[in-house]
Amino acid sequence: QVQLVESGGGLVQAGGSLRLSCAASGSIFTINTMGWYRQAPGKQRELVAAFTSGGSTNYADSVKGRFTISRDNAKNTVYLQMNSLKPEDTAVYYCNADITDWAKRIFSYWGQGTQVTVSS
């Protein structure tokens, strides 16, 4: 069993910054991919930023140049630094990870979500 615990959401004014954290714990042999998605009211969940299995990063076009994903492999933690926030960034942000456990099974896990609200 694996748990993803997110933190760092909140309310910020447009132009401000927030930093999200997501820590994975449990039966982890290796983390294959890990990243952030978001879902705004009435919209589909979308990729924000993620590390691929090869270690490269993918970003949504809407956040390029403003958001930065980083990670601490020793802590099984991924971060999302969000700068120059806009009202349209308002959403629930979810951490996602594809993890191989010690039984060599691969599962996709989701965090509980953290609310990010950007006021204009």
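A disulfide here is a pair of cysteine sulfur atoms within 2.5 Å. This is a predicted model, and by that rule its disulfide count comes to one. The bond joins Cys 22 and Cys 95, and the S-S torsion of about -80 degrees makes it left-handed. The rest of the briefing goes through that bond and then the strands on either end of it.

**The disulfide**

- The sulfur atoms of Cys 22 and Cys 95 sit 2.1 Å apart, so the pair falls inside the 2.5 Å cut-off.
- Cys 22 and Cys 95 are 73 residues apart, and their bond ties together distant parts of the chain.
- One end, Cys 22, belongs to strand E3 (residues 18-26), while the other, Cys 95, belongs to strand E9.
- Buried or exposed, where does Cys 22 fall? Cys 22 has 0% relative accessibility, so it counts as buried.
- Cys 95 also counts as buried, because its relative accessibility is 0%.

**The E3 side: an open four-stranded sheet**

- Strand E3 is part of an open sheet of four strands, ordered E1-E3-E8-E7, and the pairing is antiparallel.
- Which strands stand at the edges? Those are E1 (2-7) and E7 (67-72); each has a single partner strand, so one side of each is left without a neighbour in the sheet.
- Going from one strand to the next, the twist averages 15 degrees.
- Inside this sheet, E3 pairs with strand E8 (residues 77-82) in the antiparallel sense, over six bridges.

**The E9 side: E4 and its two partners**

- Tyr 37 is a handy landmark: it stands opposite Tyr 94 in E9 and opposite Leu 47 in E5.
- E4 and E5 form a hairpin with six residues between them.
- In the turn of that hairpin, Gly 42 has a positive phi of about 80 degrees.

**What holds the pairs together**

- Strands of a sheet pair through backbone hydrogen bonds, either parallel or antiparallel.
- A disulfide, by contrast, is a covalent bond between the sulfur atoms of two cysteines.

Conventions: Residues are numbered from 1 along each chain as its sequence is written. This is a predicted model: local features need pLDDT of at least 70, side-chain atom pairs count only at pLDDT 80 or more; totals for chains, interfaces and linings use all residues. Side-chain values use heavy atoms; hydrogens and water are left out. Two strands pair if DSSP finds at least two bridges between them. Helices (H or I, at least four residues) and strands (E, at least two) are DSSP runs, numbered from the N terminus. Buried means under 20% relative accessible area, exposed over 50%, partly exposed in between (1.4 Å probe, protein chains only). Axes are lines fitted to C-alpha atoms, for helices over the stretch in contact, and angles run from 0 to 180 degrees between N-to-C directions.
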